[in-house]
Amino acid sequence: MDKLSELESKSIYIIREAYYQFKDIAVLWSIGKDSTTLMWLCRKAFFGTLPFPAMHIDTSYKFPQMYRFRDKYAKKWGLKLLIARNEEALAAGMGPDQGEKLACCNALKTDALKQAIDRWHFKALLLGIRRDEHGIRAKERYFSPRDQSFKWDYENQPPELWDQYKSRAEDEEHIRVHPLLHWTELDIWTYIKRENIPITELYFAQDGKRYRSIGCAPCCAPVPSTADTIDKVIEELKTTTTSERAGRAQDKESVTTMQKLRALGYM
Amino acid sequence: MKKVLVIGLDGFPYTLAVRLMEAGVMPNFKSRLEAGSFVQMDSIYPTVSNVAWTCYQTGKNPGKFGVYGFAELTRDLELYIPNSTNCRSKTIQEIISEQGKRVISLGVPGTYPPRPVDGITVGGFLSPSLEKAVYPQSILPDLERTGYMIDINPMKARESLDFFKAENRKVFEGRVKTLFDLWDSEEWDLFTVHFMDTDRMGHFMFKFLDPEESDGLNHDYYMNFLRRIDDFIGQVAQKLTEEIELIIMSDHGFCRIRKEVQLNRWLQDRGYLVFSRPPAHDLDFEAISPESRAFSLVPGRIYILKENYWKNGGVKDQDYERVREKIMNDLKNLLEDGRSVCKQIFKKEEVLSGPYLDSAPDIIVDPNDGYDLKAGLKKDSIFETGPLSGMHTYYDAMLYLPGDSPITKRPVVYDLPATILDILDLPIPDDFDGKPIFTLSPGYPPNSRNKPW
């Protein structure tokens with residue numbers, strides 16, 4: 001089997017295992033390339049029709065192109081689409097320009113997700129994260145338990161040796177399932193090409209710039225690029241030395257780092 | 001087979017080390033010098049730790065790896081904090097790994113997130129947490145056991161000197177313990193252990209080196225810490241075996257701050273920097289108006305707002321050189337109480353070279369001792385006095401190298417990787433700027449064990 005088919009088959013196995021174990025599950029769809037690939041794999045796993053809902057954590061600050069894309073494919077793929085918004089925080093005026101961007105992320109993403117889990121009682125959530133995205137994600141498991149306060153006890157994780165997954169949850173937990181953990185950014189793109197998966201036009205260069213990673217419009221910056229087709233994107237990724245999330249100016253990390261540097265007099 | 005152990009004492013000034021040895025404060029360090037050479041070393045422009053240590057990591061000047069400070073701006077004037085993913089060069093750790101040897105690196109600034117190597121990397125003080133900073137993950141329990149800490153909490157430290165003093169010591173002890181632990185339990189060919197504590201004392205406490213400045217307690221703390229470092233050097237010396245060569249170095253020097261100099265305020269006063277609205281805070285770069293011609297970042301980095309580079313940049317290509325020279329001329333006349341603030345003012349191409357010169361500051365200022373170059377956007381006056389008492393110097397880093405080979409040149413911090421590769425008998429890549437600091441005599445390595453400690 002070629003590499004992409006192997007990646008695909010492992011992911012589909014994990015998706016089916018998650019559904020078999022928990023039934024009350026949802027797939028988080030951020031409309032980005034990874035979670036759209038995950039949607040594709042979920043559809044493949046169940047022969048075109050998802051037996052569980054897709055959930056979009058909507059901060060209301062996403063790019064208009066993302067909303068258009070979401071609505072178009074939710075309809076086309078017959079998804080049961082749940083939209084999770086922290087209406088209370090939005091009504092109170094929360095946004096990236098209201099002081100700390102970190103507080104905005106916490107309210108509109110983390111809290112919105114907590115509210116959604118409380119409301120719909122999911123036992124497990126499928127997420128499209130990948131190990132190569134970010135230092136901390138390197139030690140994620142395919143089946144990763146979180147407690148009620150979302151705490152991830154990374155020192156006390158099931159081992160997952162020889163592809164034996166601990167896919168049963170304790171009472172107080174929900175499980176995050178990561179079917180794409182073993183994929184790289186380049187794998188995703190070559191798979192998108194092979195399968196002809198639709199993705200938003202934001203990823204392709206316009207006027208010398210493209211988005212390599214998308215989220216909320218005010219907090220994402222495009223990177224200089226002339227890659228306006230999938231082939232060119234793949235070519236660019238083979239040679240680039242900048243990180244995928246370089247355009248995501250306000251990572252939680254960089255906020256703390258900034259505070260540190262300020263305290264030390266470096267800013 | 002030789003191995004190399006590098007002890008990095010961040011910001012430890014050569015002149016201070018000499019003074020302390022003369023005063024008998026660091027006897028172990030002093031006796032160690034008899035087994036090698038101890039010299040003053042040049043840092044790098046711009047003189048900050050993440051840039052200087054990335055020179056240590058790469059053997060190159062910043063123009064070849066593209067990082068010029070703790071903070072950088074994108075062309076859209078958005079602030080970001082560069083990390084190891086922004087360093088566009090191979091590191092000595094990677095080079096040595098590829099040659100089938102093992103490396104360990106603890107706490108070197110600019111190494112977060114850790115790049116995969118054959119060995120161990122723990123990122124520097126800007127790592128968000130220990131678990132994120134560690135490669136490979138399997139080493140994490142060991143580090144927790146030895147009490148390894150990434151850093152003091154600088155926000156709290158700024159509020160309370162007592163907190164700073166206690167925590168600073170804890171960070172030091174954790175790192176020493178980790179060094180000795182891994183020294184025995186791991187295989188390694190190059191081991192770099194970095195201590196930020198000396199730089200921190202420099203910033204927060206440098207004035208207390210002067211007993212006159214102090215209530216006594218702070219001076220004692222400083223001296224005791226230096227004695228503890230000396231004990232540590234003694235412990236290391238005792239543990240050395242025939243095959244291990246010890247290098248002790250700092251990445252820049254320190255001096256007392258006389259005044260903080262707000263270069264953006266100065267640029268504003270001279271009409272080079274114009275705001276379209278009052279800046280909301282010191283880092284509100286979005287307030288810069290298209291009429292502006294220049295702005296500054298810490299330390300002494302001045303950028304000309306070139307039309308084809310910066311968003312809304314208003315300086316045309318044909319005017320660039322004229323604007324740059326005018327600012328450089330004006331800087332010569334920047335005086336505080338009759339003294340010149342700038343010791344040397346460079347065009348970037350005079351001190352940097354390489355493919356990433358585009359994003360380098362157009363002017364780099366090396367200040368006279370005492371003038372700490374700052375860059376707040378919301379400052380009322382050019383000259384200020386702040387809570388910190390020490391600032392970096394370019395010319396006063398230190399370097400101890402083992403052996404009796406004559407040192408043939410004044411070393412620069414980027415000479416270290418070539419020197420280390422030479423000791424390990426590995427080829428030196430062609431694109432290095434650094435050269436081995438000593439010429440190898442035919443009998444190298446010299447038997448330094450014949451000398452008294």
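Predicted model: local features only at pLDDT ≥ 70, side-chain atom pairs only at ≥ 80, totals over all residues.

Entry 1. I started with two helices, α6(A) and α7(A), and found that they are roughly antiparallel to each other. That follows because the cut-off for roughly antiparallel is over 145 degrees, and helix α6 (residues 185-195) of chain A packs against helix α7 (residues 230-239) of chain A at about 160°. Their axes are 10 Å apart.

Entry 2. I checked the handedness next: α6(A) and α7(A) cross in a left-handed way. Which residues make the contact? From α6(A) I noted A:E185, A:L186, A:W189, A:T190, A:I192 and A:K193, and from α7(A) A:I230, A:V233, A:I234 and A:L237. Sorted by class, the contact has seven nonpolar residues, one polar and two charged.

Entry 3. Over to chain B. I read off 14 helices and 21 strands, and 51% of its 453 residues count as buried. I also looked at contacts between residues at least 6 apart in sequence: 68% of them join residues at least 24 apart.

Entry 4. I picked out a sheet in chain B. It is open, has four strands in the order β12-β13-β17-β16, and pairs antiparallel. Strands β12 (294-297) and β16 (342-347) of chain B are the edges, each pairing on one side only. On average, neighbouring strands are turned by 25° against each other, direction ignored.

Entry 5. Zooming in, I saw two bridges between β13 (residues 301-304) and β17 (residues 363-367) of chain B. B:I302 stands opposite B:I363 in β17(B). What packs on the sheet? Helix α12 (residues 317-332) of chain B does, touching β12, β13, β16 and β17 of chain B. The direction of α12 makes about 175° with that of β16(B).

Technical notes: Residues numbered from 1 in each chain as written. Chains lettered and ligands numbered in written order. Axes fitted to C-alpha atoms, helices over the stretch in contact; angles between N-to-C directions. Parallel < 35°, antiparallel > 145°, perpendicular 65-115°, else oblique. Left-handed = near helix turned anticlockwise from the far one by under 90°. Contact = placed C-beta atoms within 7 Å. Nonpolar A, V, L, I, M, F, W, Y, C, P; charged D, E, K, R; others polar. Buried ≥ 20, exposed ≤ 12 C-beta atoms within 10 Å, placed from the backbone. Pairing = 2+ DSSP bridges.
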